[in-house]
Amino acid sequence: MIVITTPTGQIGSRLLDILLNEAPTHDEELRVIVRDPGKLPAAARARVDVVTGSHGDAAVIDRAFTGADAVFWLVPSNPRAPSLDAVYSGFTRAAAEAFKTHGVGHVVGVSALGRGTPLADRAGLVTASLAMDDLIASTGVAYRALANPSFMDNLLWQVAPIRDHGVFTDTITADRKAPMAATRDIAAAAAGLLLDRTWSGTGEVPVLGPENLSANDIARTISDVLGRPVRYERQSLDDFRTALTGRGIGNAIVEGYVDMMRAKDEGLDDGVQRTPRTASPTAFREWCEEVLKPAVLA
């Protein structure tokens, strides 16, 4: 029995699709935890055991982890949380106890790059995510944290300015190269770990994409794929902070984002070497052609 959290999210939904195809050949049953079962595709609802509620709720977790052998763990966003600890470790504490109570053997979590770097303890959301990994690892469960860079898919939040004004923004120095990963590759990495549970102990599995990219590289590729000029506009951290606050995000989370982006610009994601094991297959151009371009033209 594999339990999937956030099965309607951008990573969880892709993972669910993969496991629906692969689980029968591995003699696995699937269970999902979801606040609103109506958001699951009807075909998926018919093939999985559904536990309704929040996976931060101890009673929900108790029901969901009964009989579970493996869990995919991803904490949801909480823009009004009072602290970064509340978003990550606070949300996870009930599950950490339930891993032990129910004898869950393996857990795969979504986390971030940065562990072991000089920036790890001052990287906002990333620092809190790494602390969550430590909490899960302390339970004694076999744990793998998917250590991710920024997502290619985050550009989908900027479809309107790309389409209407030929511009996208970020806070990173324009020529700083860093890894980027597609969420579908992160889901595939999670599926591989969940279906082949021959691993033990705790550790990280980096998902780095096939190449490092700068904002200038991204602009050139998007321009080429769309057949029209798209430029990068760097946003100051102060303007970034103001924009987040204007969207109603609480101060603790705003500062967590700001500290994370500052750390990324200082090299937070540079600590892991790309190898055949840490690379993931989806190239940025391929992602633009298959995901971004259809969204812009829709």
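Biologist: Where is I249 found?

Modeller: Let's start there, keeping in mind that this is a predicted model. I249 sits in a loop, with α9 (237-246) on one side and α10 (251-265) on the other.

Biologist: Is I249 buried or exposed?

Modeller: The idea is to compare relative accessible area with a cut-off: under 20% is called buried. I249 has 10% relative accessibility, so it counts as buried.

Biologist: Which residues does I249 touch?

Modeller: Leaving out residues up to four places away in sequence, the contacts of I249 are P79, R80, L244 and V254. For a sense of distance, take D224, which is 25 residues from I249 along the chain: the C-alpha atoms of the two are separated by 35 Å.

Biologist: Now the sheet, please. What is the order of its strands?

Modeller: Reading across the sheet, you meet seven strands in the order β3-β2-β1-β4-β5-β6-β10; the sheet is open and the pairing is parallel. β3 (49-52) and β10 (202-206) stand at the edges and have a single partner strand each, so one side of each has no neighbour in the sheet. On average, neighbouring strands here are turned by 20 degrees against each other, direction ignored.

Biologist: How many bridges join β1 and β4?

Modeller: Three bridges, in the parallel sense, link β1 (residues 2-4) with β4 (residues 70-73). To find a place in this part of the sheet, look for I2, which stands opposite A70 in β4.

Biologist: Which strands does helix α7 lie across?

Modeller: Helix α7 (residues 183-195) lies across β1, β4, β5 (106-112), β6 (142-148) and β10. Its angle to β6 is about 165 degrees.

Biologist: Where does T6 lie, and where does D27 lie?

Modeller: T6 belongs to the loop between β1 and α1 (12-22). D27 belongs to the loop between α1 and β2 (30-34).

Technical notes:
Residues are numbered from 1 along each chain as its sequence is written. This is a predicted model: local features need pLDDT of at least 70, side-chain atom pairs count only at pLDDT 80 or more; totals for chains, interfaces and linings use all residues. Side-chain values use heavy atoms; hydrogens and water are left out. Helices (H or I, at least four residues) and strands (E, at least two) are DSSP runs, numbered from the N terminus. Buried means under 20% relative accessible area, exposed over 50%, partly exposed in between (1.4 Å probe, protein chains only). Contact means heavy atoms within 4.5 Å. Two strands pair if DSSP finds at least two bridges between them. Axes are lines fitted to C-alpha atoms, for helices over the stretch in contact, and angles run from 0 to 180 degrees between N-to-C directions.
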